[in-house]
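Work through the exercises below with the sequence and the model open. Each task is followed by a solution in steps.

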Amino acid sequence: MTKFMFRTIASTLAVGASLLATQALARSDITIAMQLEPPHLDPTSAAAQAIDSVVYTNIFEGLTRFMGDGSVVPGLAESWEISEDGTVYTFKLRDGVTFHDGTTMDAEDVKFSLDRATAEDSANAQKALFAGIDSVEAVDPLTVKITLAEPNGNFLFNLAWGDAVVVAPESVENIKTNPVGTGAYTFGNWVQGDSITLIRNPDYWGDQPALETATFKFISDPTAAFAAMMAEDVDVFDNFPAPENLSQFEADPRFQVLVGSTEGETILSTNNKQPPFDDILVRQALAHAIDRQAIIDGAMFGYGTPIGTHFAPHNPAYVDLTGQSVYDPEKAKALLAEAGFENGFETTLHLPPPSYARRGGEITAAQLAEVGITAEIINVEWAQWLESVFKGKEFGLTIVSHTEPMDIGIYARPDYYFQYDSTDFQALMDALNTTTDPEERTRLLGEAQRLISSDYVNGYLFQLAKLGVAKAGVKGLWENAPTAAIDLTQISWSE
Amino acid sequence: MSRNLILGAFLSSLVVLAALISFVWTPYDYAALDIPNKLQPPNVQHWFGTDHFGRDIFSMIMVGARTSIAVALVAVGIGMVLGVPLGLTAAARKGSWLDEVIMRGNDLVFAFPSLVIAILITAVFGAGAINAIIAIGIFNIPVFARITRGAALSLWEREFILAARVSGKGAARISAEHILPNVANLLIVQGTIQFSLGILAEAGLSYVGLGAQPPTPSWGRMLADAQTMVSFAPHLALIPGLAIIVTVLGLNLLGDGLRDWLDPRIRVARA
């Protein structure tokens, strides 16, 4: 009895002491707010960015992965060899990696994941990433050989996407509600409509991260986001929805503001098949009627970089083509007259909820009105936007940010919602996919950018900025967003 | 005339005047963007300051008054034009199946939360001023039907109606010639109150994005746009908020004043 009591007291003291020690050191939990809640937690079967924000590199890992600076580094693959002709990739996997349910991650799992993504009935949102894969072979438990139909200079980059993570056949059935991966964090709990909690994985193959638990909280309303941050209810806001409030956070010593770049090309998307937008003169007139800087200043309070084509300015292959579509309302009117629309015309402008679209749309409509184009503003929710604009292609104009990295390839898909159909461009993309030489790739990418810019496919507005807000003590947040991710393994509290 | 009536009439006519003048003159073009001069506090050039796009708020308030008044006026009109005949019919056929159908139908509409129906209407037909008018108008029908029926019922018991019946006039003719003129005072008072409620409803609908669509200015949407900027540009929310308060207060005072002024019993008591 005495002995038992003594033990209890001793252990209580020990626990108390360790608690004190942790507190004295630094906090080991964090609450991170994001605007959208993921529909489910399977990054391999949906395009929703919110899924990747929660699970990418935290729960699921792929053969390669993105770092915060956009570079691609080894993930579950320790190293790889590429055959002379660029078609055979042999990956050497890390030894001793286990899934959260205790099963071992080996070459069979990699084969399963890639076969699942390339399968006929695959629900993968980015099938194009895997299109070139001819076969996947598990040579031995730690070696995977992937054979491509033709060389693909982007292949390692493609494998780093959240859509290419490695999943286990044993647990894939419930992946949407109970994701089981190899990452440094295991899935804890999901309170629908409120938050998702992740817990540190003690059996992680890599270094143990600093944070023990992380809670992702979903706050969609910009006003509520501001209030939650100001009241210190959340520690980090991944991408703060109201740029107008950033100067207040900057002035407050309790907070830090991280302004970085995203892969989001914000464009005035134009239905290239709908008259009068099937006439290049009309599209060119649109491009000259829009004052990008006014949109950036008015809608984003100055955050954002003007773009003249569908490409991220921080990418080394970017070509600045903003000069091809400078703001010139007189020229726009002349072009409209040349196209036979002296008195302008009427069209629709569908605007999804984010402020870049709603505010940007009001400014765009006002600018179009200056040259005689009447754009009727139709505010829509995302579901409605996906249904009528993205799938139904029933729109004239819309404003949207394309946030996938390196997505210029969408212009090679004539059935994509803006319906740009150019054999020249498709040939360019085919050439790009079979080119591995970096210099030649840069040249081809430059040519592709010039082509869509001089075809005035869409109105190119600006590159969306990543506007992170965090408490002053949080370290290791990604400043830029090369892909949608909140990499918990890098985050810690300063003491 | 009471002080309420004078103050109410003054405030209401101020708003109506602003709306009327906006057809011919506003200090600036209400839709003209001037982004370099955004978020200015009230000053000599811009009496109410500028919004987040640099638009002149004074001009927007003037044109917004037009939107509010137009929506509320047409909505109340719909309510009166449909509700009053329904109420008269129900009273004339008191106790019949027709009375039951009309009044239970009214109860049904009355029982629905108006905003939910408004959201339903806009979800089906799309957001816009016209649909806001229809939504608000529908909810005005039972209000007018009920008040008309209530007043008409007591009138039907009066001797002059009996005289009219004896002289051979039908129910429809009596309703039009004798009942309607005698409930008109009541309808004017109720109309004023409903008008102010209509303005509030329009502001509420456009606040949630279901009212007049941009670029047409509306007070409710100005409030919604101002939400995230209240902490550093409070005038963006205060000014449209005050405009709504002044209008609704003015109309309510006017309604109260009119009731006191028009009600014969009170008039007699005063004299």
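A residue is buried if 20 or more other C-beta atoms lie within 10 Å of its own, exposed if 12 or fewer, and partly exposed in between, with C-beta atoms placed from the backbone. Helices (H or I, at least four residues) and strands (E, at least two) are DSSP runs, numbered from the N terminus. This is a predicted model, in which local features need pLDDT of at least 70, side-chain atom pairs count only at pLDDT 80 or more, and totals for chains, interfaces and linings use all residues. Residues are numbered from 1 along each chain as its sequence is written, and chains are lettered from A and ligands numbered from 1 in the order in which they are written.

**Exercise 1.** Determine how helix H8 (residues 219-226) of chain B sits in the structure.

Solution. Step 1: list the buried residues of H8(B), which are Trp219(B), Gly220(B), Arg221(B), Met222(B), Leu223(B), Asp225(B) and Ala226(B). Step 2: seven of the eight residues of the helix are buried, so H8(B) is largely enclosed by the rest of the structure. Step 3: find the partners, where two residues are in contact if their C-beta atoms, placed from the backbone, lie within 7 Å. The buried residues of H8(B) pack against helix H2 (57-92), helix H7 (171-207) and helix H9 (235-262) of chain B. Step 4: check the confidence of the chain, using pLDDT, the predictor's confidence in each residue, from 0 to 100. Chain B averages 90, and 97% of its residues score at least 70.

**Exercise 2.** Decide how the buried residues of helix H12 (residues 423-433) of chain A are arranged around its axis.

Solution. Step 1: Phe425(A), Leu428(A), Leu432(A) and Asn433(A) are buried. Step 2: these residues fall within an arc of 135 degrees seen down the axis of H12(A), so they line one face of the helix; the arc is that of the directions from the helix axis to the C-beta atoms. Step 3: on the other side of H12(A), Thr423(A), Asp424(A), Ala427(A) and Asp430(A) are exposed. Step 4: the buried residues pack against helix H13 (438-454) of chain A.

**Exercise 3.** Locate Ala484(A) and decide: is this residue buried or exposed?

Solution. Step 1: Ala484(A) lies in the loop between strand S18 (474-475) and strand S19 (492-493) of chain A. Step 2: Ala484(A) has 24 C-beta neighbours inside 10 Å and therefore counts as buried. Step 3: leaving out residues up to four places away in sequence, Ala484(A) touches Gln49(A), Asp52(A), Ser53(A), Tyr56(A) and Thr403(A).

**Exercise 4.** Describe the domains of chain A and their contact.

Solution. Step 1: the domain assignment gives domain 1 (29-254 + 472-495) and domain 2 (263-464); such bounds come from an automatic or database domain assignment. Step 2: the C-alpha centres of the two domains of chain A lie 30 Å apart. Step 3: 17 residues of domain 1 are in contact with 13 residues of domain 2.

**Exercise 5.** Describe the contact between chain A and chain B from the side of chain A.

Solution. Step 1: the contact takes 16 residues from chain A and 16 residues from chain B. Step 2: helix H5 (222-230), helix H8 (292-300), helix H10 (355-370) and strand S15 (374-379) of chain A each supply at least two residues of this side. Step 3: H10(A) gives the most, with four residues. Step 4: the predictor gives the complex an ipTM of 0.80 and a pTM of 0.83.
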